Amino acid sequence: MQNEKKILGFAGIYSYDLIFYLAVFLSALDKKVLLVDNAPYKALSDCMPIPKGMEEDILSCSERLELCKDTEIESVYDEYDYILIDFGMNLNHKDILHSDYRFLVTDTRIHNLNALKAFSKNNQDYYLLVRDIVKGINETYLPMLLEHKGLRGKKNYYLYLNETDIEAGSVLQYYHSFNYKKLSPEIKLLLKELLFEIRITDLKAIKEATKKIRKGGI
(Lines give C-alpha, C1' and ligand atoms only; values in the text may rest on other atoms or scores of the structure.)
Protein backbone atom coordinates (compact mmCIF):
# COMPACT_ATOMS: atom_id res chain seq x y z
CA MET A 1 0.00 0.00 0.00
CA GLN A 2 1.16 3.49 -0.73
CA ASN A 3 2.05 5.85 2.13
CA GLU A 4 1.17 9.01 0.25
CA LYS A 5 -1.05 11.35 2.22
CA LYS A 6 -4.56 11.75 0.85
CA ILE A 7 -7.37 14.21 1.49
CA LEU A 8 -10.94 13.05 0.86
CA GLY A 9 -13.65 15.71 0.67
CA PHE A 10 -17.38 14.96 0.94
CA ALA A 11 -19.93 17.61 -0.04
CA GLY A 12 -23.70 17.59 -0.36
CA ILE A 13 -26.32 16.03 1.92
CA TYR A 14 -25.47 13.97 4.99
CA SER A 15 -22.60 11.52 4.59
CA TYR A 16 -21.35 11.39 8.17
CA ASP A 17 -21.97 7.63 8.47
CA LEU A 18 -20.12 6.75 5.27
CA ILE A 19 -17.21 9.01 6.23
CA PHE A 20 -16.97 7.40 9.65
CA TYR A 21 -17.13 3.83 8.30
CA LEU A 22 -14.46 4.59 5.71
CA ALA A 23 -12.28 6.17 8.40
CA VAL A 24 -12.64 3.04 10.55
CA PHE A 25 -11.48 0.93 7.61
CA LEU A 26 -8.45 3.16 7.07
CA SER A 27 -7.64 2.99 10.77
CA ALA A 28 -7.89 -0.80 10.66
CA LEU A 29 -5.36 -0.63 7.81
CA ASP A 30 -2.96 0.98 10.33
CA LYS A 31 -3.39 4.51 8.99
CA LYS A 32 -3.57 7.57 11.20
CA VAL A 33 -6.83 9.27 10.27
CA LEU A 34 -8.29 12.70 10.94
CA LEU A 35 -11.95 13.53 10.46
CA VAL A 36 -12.70 17.21 9.86
CA ASP A 37 -16.24 18.49 10.33
CA ASN A 38 -16.57 21.62 8.20
CA ALA A 39 -20.29 21.09 7.58
CA PRO A 40 -22.88 23.58 8.87
CA TYR A 41 -24.82 21.12 11.07
CA LYS A 42 -21.91 19.10 12.52
CA ALA A 43 -23.51 15.67 12.04
CA LEU A 44 -20.09 14.01 11.86
CA SER A 45 -19.08 15.53 15.21
CA ASP A 46 -22.05 13.86 16.87
CA CYS A 47 -20.55 10.47 16.02
CA MET A 48 -17.66 11.04 18.43
CA PRO A 49 -17.94 10.95 22.24
CA ILE A 50 -17.29 14.25 24.02
CA PRO A 51 -15.62 13.99 27.45
CA LYS A 52 -18.08 14.91 30.20
CA GLY A 53 -18.04 18.63 30.91
CA MET A 54 -15.58 19.34 28.11
CA GLU A 55 -15.74 20.68 24.55
CA GLU A 56 -12.36 19.67 23.14
CA ASP A 57 -10.89 20.93 19.88
CA ILE A 58 -9.82 17.43 18.88
CA LEU A 59 -11.90 14.39 19.87
CA SER A 60 -10.50 10.85 19.72
CA CYS A 61 -12.06 7.40 19.59
CA SER A 62 -8.77 5.55 18.96
CA GLU A 63 -5.09 6.35 18.73
CA ARG A 64 -5.33 6.58 14.92
CA LEU A 65 -8.77 8.16 14.48
CA GLU A 66 -9.47 11.74 15.60
CA LEU A 67 -11.91 14.53 14.76
CA CYS A 68 -11.73 18.30 14.75
CA LYS A 69 -14.21 21.01 13.76
CA ASP A 70 -13.96 23.94 11.36
CA THR A 71 -10.31 23.35 10.57
CA GLU A 72 -8.27 24.31 7.51
CA ILE A 73 -6.18 21.62 5.89
CA GLU A 74 -2.90 23.52 6.19
CA SER A 75 -2.95 23.41 9.99
CA VAL A 76 -3.17 19.60 10.26
CA TYR A 77 -1.87 18.27 6.95
CA ASP A 78 1.49 16.89 8.13
CA GLU A 79 0.18 14.93 11.11
CA TYR A 80 -2.03 12.32 9.43
CA ASP A 81 -2.02 9.69 6.68
CA TYR A 82 -5.61 10.40 5.63
CA ILE A 83 -7.83 13.42 6.21
CA LEU A 84 -11.57 12.98 5.56
CA ILE A 85 -13.53 16.23 5.45
CA ASP A 86 -17.28 16.66 5.67
CA PHE A 87 -18.29 19.92 3.97
CA GLY A 88 -22.02 19.22 3.90
CA MET A 89 -23.80 21.98 2.02
CA ASN A 90 -20.87 24.32 2.61
CA LEU A 91 -20.25 24.03 -1.14
CA ASN A 92 -18.01 27.08 -1.51
CA HIS A 93 -15.43 26.05 1.08
CA LYS A 94 -11.96 26.64 -0.35
CA ASP A 95 -10.59 23.30 0.87
CA ILE A 96 -12.95 21.37 -1.42
CA LEU A 97 -10.61 22.18 -4.31
CA HIS A 98 -7.62 21.06 -2.24
CA SER A 99 -9.05 17.58 -1.74
CA ASP A 100 -7.33 14.79 -3.64
CA TYR A 101 -10.66 12.98 -4.01
CA ARG A 102 -14.04 14.72 -4.08
CA PHE A 103 -17.34 12.98 -3.37
CA LEU A 104 -20.63 14.69 -4.05
CA VAL A 105 -23.43 13.08 -2.04
CA THR A 106 -27.14 13.52 -2.68
CA ASP A 107 -30.48 11.78 -2.66
CA THR A 108 -33.08 12.09 -5.42
CA ARG A 109 -35.12 14.87 -3.82
CA ILE A 110 -35.45 17.71 -6.30
CA HIS A 111 -34.51 20.47 -3.84
CA ASN A 112 -31.22 18.72 -3.00
CA LEU A 113 -30.39 18.07 -6.65
CA ASN A 114 -31.10 21.73 -7.45
CA ALA A 115 -28.91 22.90 -4.55
CA LEU A 116 -25.93 21.01 -5.98
CA LYS A 117 -26.06 22.63 -9.43
CA ALA A 118 -23.61 25.37 -8.48
CA PHE A 119 -21.11 22.81 -7.21
CA SER A 120 -21.36 20.63 -10.29
CA LYS A 121 -20.64 23.57 -12.62
CA ASN A 122 -17.40 24.42 -10.83
CA ASN A 123 -16.14 20.95 -9.86
CA GLN A 124 -16.23 18.39 -12.65
CA ASP A 125 -13.74 16.02 -11.05
CA TYR A 126 -15.86 14.24 -8.45
CA TYR A 127 -17.51 10.93 -7.66
CA LEU A 128 -21.30 11.12 -7.42
CA LEU A 129 -22.94 9.12 -4.67
CA VAL A 130 -26.74 8.98 -4.71
CA ARG A 131 -28.22 7.52 -1.53
CA ASP A 132 -31.63 6.73 -0.01
CA ILE A 133 -33.10 6.00 -3.43
CA VAL A 134 -36.70 4.83 -3.11
CA LYS A 135 -37.70 1.64 -4.90
CA GLY A 136 -39.91 3.48 -7.37
CA ILE A 137 -36.87 5.06 -9.03
CA ASN A 138 -34.83 2.61 -11.09
CA GLU A 139 -31.27 2.80 -12.39
CA THR A 140 -32.49 3.40 -15.93
CA TYR A 141 -34.18 6.64 -14.94
CA LEU A 142 -31.51 7.84 -12.52
CA PRO A 143 -28.83 8.76 -15.10
CA MET A 144 -31.40 10.80 -17.06
CA LEU A 145 -32.50 12.62 -13.91
CA LEU A 146 -28.92 13.41 -12.88
CA GLU A 147 -27.95 14.51 -16.38
CA HIS A 148 -30.97 16.81 -16.48
CA LYS A 149 -29.73 18.43 -13.25
CA GLY A 150 -26.21 18.78 -14.63
CA LEU A 151 -24.69 16.24 -12.24
CA ARG A 152 -22.00 14.25 -14.04
CA GLY A 153 -19.69 12.37 -11.71
CA LYS A 154 -16.70 10.59 -13.19
CA LYS A 155 -18.24 7.55 -11.53
CA ASN A 156 -21.70 7.15 -10.02
CA TYR A 157 -22.68 5.04 -7.02
CA TYR A 158 -26.29 4.24 -6.13
CA LEU A 159 -27.56 3.24 -2.68
CA TYR A 160 -31.21 2.32 -2.27
CA LEU A 161 -33.11 3.21 0.90
CA ASN A 162 -32.40 0.63 3.59
CA GLU A 163 -33.85 0.73 7.10
CA THR A 164 -30.87 -1.21 8.46
CA ASP A 165 -28.44 1.51 7.41
CA ILE A 166 -30.69 4.28 8.72
CA GLU A 167 -30.75 2.56 12.10
CA ALA A 168 -26.97 2.10 12.03
CA GLY A 169 -26.52 5.83 11.36
CA SER A 170 -28.69 6.68 14.37
CA VAL A 171 -26.82 4.26 16.62
CA LEU A 172 -23.57 5.86 15.51
CA GLN A 173 -24.74 9.26 16.75
CA TYR A 174 -26.56 8.18 19.89
CA TYR A 175 -24.13 5.52 21.13
CA HIS A 176 -20.93 6.42 19.22
CA SER A 177 -20.57 2.88 17.97
CA PHE A 178 -21.53 0.66 15.08
CA ASN A 179 -21.69 -3.03 14.25
CA TYR A 180 -20.12 -3.79 10.88
CA LYS A 181 -22.03 -7.06 10.67
CA LYS A 182 -25.33 -5.16 10.73
CA LEU A 183 -24.52 -2.86 7.81
CA SER A 184 -26.24 -3.67 4.53
CA PRO A 185 -24.30 -5.59 1.86
CA GLU A 186 -24.58 -2.50 -0.36
CA ILE A 187 -22.79 -0.28 2.19
CA LYS A 188 -20.07 -2.88 2.71
CA LEU A 189 -19.51 -3.16 -1.04
CA LEU A 190 -19.43 0.63 -1.43
CA LEU A 191 -16.76 0.98 1.27
CA LYS A 192 -14.52 -1.53 -0.46
CA GLU A 193 -15.06 0.13 -3.83
CA LEU A 194 -14.14 3.51 -2.36
CA LEU A 195 -10.95 2.02 -0.94
CA PHE A 196 -10.07 0.90 -4.45
CA GLU A 197 -10.89 4.35 -5.83
CA ILE A 198 -8.37 5.93 -3.44
CA ARG A 199 -5.88 3.27 -4.58
CA ILE A 200 -5.83 0.93 -1.65
CA THR A 201 -5.78 -2.30 -3.61
CA ASP A 202 -4.05 -4.76 -1.28
CA LEU A 203 -6.82 -7.37 -1.05
CA LYS A 204 -5.09 -9.30 1.71
CA ALA A 205 -4.77 -6.16 3.86
CA ILE A 206 -8.42 -5.22 3.22
CA LYS A 207 -9.51 -8.72 4.21
CA GLU A 208 -7.53 -8.53 7.45
CA ALA A 209 -8.93 -5.07 8.19
CA THR A 210 -12.46 -6.39 7.64
CA LYS A 211 -11.86 -9.18 10.16
CA LYS A 212 -10.57 -6.64 12.66
CA ILE A 213 -13.61 -4.40 12.22
CA ARG A 214 -16.01 -7.35 12.58
CA LYS A 215 -14.46 -8.04 15.97
CA GLY A 216 -15.10 -4.44 16.98
CA GLY A 217 -11.54 -3.17 16.94
CA ILE A 218 -10.19 -0.10 15.16
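Good morning. In this protein, 75% of the contacts with a separation of 6 or more are between residues 24 or more positions apart, where contact means heavy atoms within 4.5 Å. The model is predicted, so local features need pLDDT of at least 70 and side-chain atom pairs count only at pLDDT 80 or more, whereas totals for chains, interfaces and linings use all residues. Residues are numbered from 1 along each chain as its sequence is written, and side-chain values use heavy atoms, with hydrogens and water left out.

Let me begin with the overall content. The secondary structure comes to seven helices and eight strands; helices (H or I, at least four residues) and strands (E, at least two) are DSSP runs, numbered from the N terminus. Of the 218 residues, 51% count as buried. Buried means under 20% relative accessible area, exposed means over 50%, and partly exposed lies in between, with a 1.4 Å probe and protein chains only.

I turn now to helix α1. This helix has 13 residues and reaches 18 Å from its first C-alpha to its last. That span is close to the 18 Å expected at 1.5 Å a residue, the expected span being 1.5 Å times one less than the number of residues. Is α1 enclosed or exposed? Of its 13 residues, 13 are buried, so α1 is largely enclosed by the rest of the structure. Just after α1, Asp 30 takes a positive phi of about 65°.

What does α1 meet in α5? Tyr 16, Asp 17, Phe 20 and Tyr 21 in α1 are in contact with Ala 168, Gly 169, Ser 170, Leu 172 and Gln 173 in α5. These residues divide into five nonpolar, three polar and one charged. The axes of α1 (residues 16–28) and α5 (residues 163–175) come within 10 Å and cross at roughly 75°. Axes are lines fitted to C-alpha atoms, for helices over the stretch in contact, and angles run from 0 to 180 degrees between N-to-C directions. The two helices are therefore roughly perpendicular to each other; angles of 65 to 115 degrees count as such, under 35 as roughly parallel, over 145 as roughly antiparallel, and the rest as oblique.

Next, the strands. Tyr 157 is found in strand β8 (residues 155–160) and is buried at 6% relative accessibility. Leaving aside residues up to four places away in sequence, Tyr 157 touches Tyr 127, Leu 128, Leu 129, Val 130, Leu 190, Glu 193, Leu 194 and Glu 197. Tyr 157 and Leu 129 are 28 residues apart in sequence, yet 4.7 Å apart in space, C-alpha to C-alpha.

On backbone angles, most residues other than glycine have a negative phi. Asp 132, not a glycine, has a positive phi of about 55°. Asp 132 lies in strand β7 (residues 127–133) and is buried, with a relative accessible area of 15%. His 176 also has a positive phi of about 55° without being a glycine. His 176 sits in the loop between α5 and α6 (185–197) and is partly exposed at 32%.

Finally, the charged pairs. A salt bridge here is a side-chain nitrogen of Lys or Arg within 4 Å of a carboxyl oxygen of Asp or Glu, and by this rule the count comes to twelve. Lys 94 pairs with Glu 72 at 3.9 Å, N to O. This pair links distant parts of the chain, 22 residues apart: Lys 94 is in the loop between β5 (82–88) and β6 (101–106), and Glu 72 is in the loop between β4 (65–69) and β5. Lys 94 is partly exposed at 38%, as is Glu 72 at 43%. Lys 94 also forms a salt bridge with Asp 95 at 3.4 Å, N to O, and Asp 95 is buried at 0% relative accessibility. Arg 152 and Glu 147 meet in a salt bridge at 2.9 Å, N to O. Arg 152 is partly exposed at 42%, and Glu 147 is partly exposed at 42%. Through shared partners, salt bridges join Glu 72, Glu 74, Lys 94 and Asp 95 into one network. Thank you.

Conventions. Nonpolar A, V, L, I, M, F, W, Y, C, P; charged D, E, K, R; others polar.
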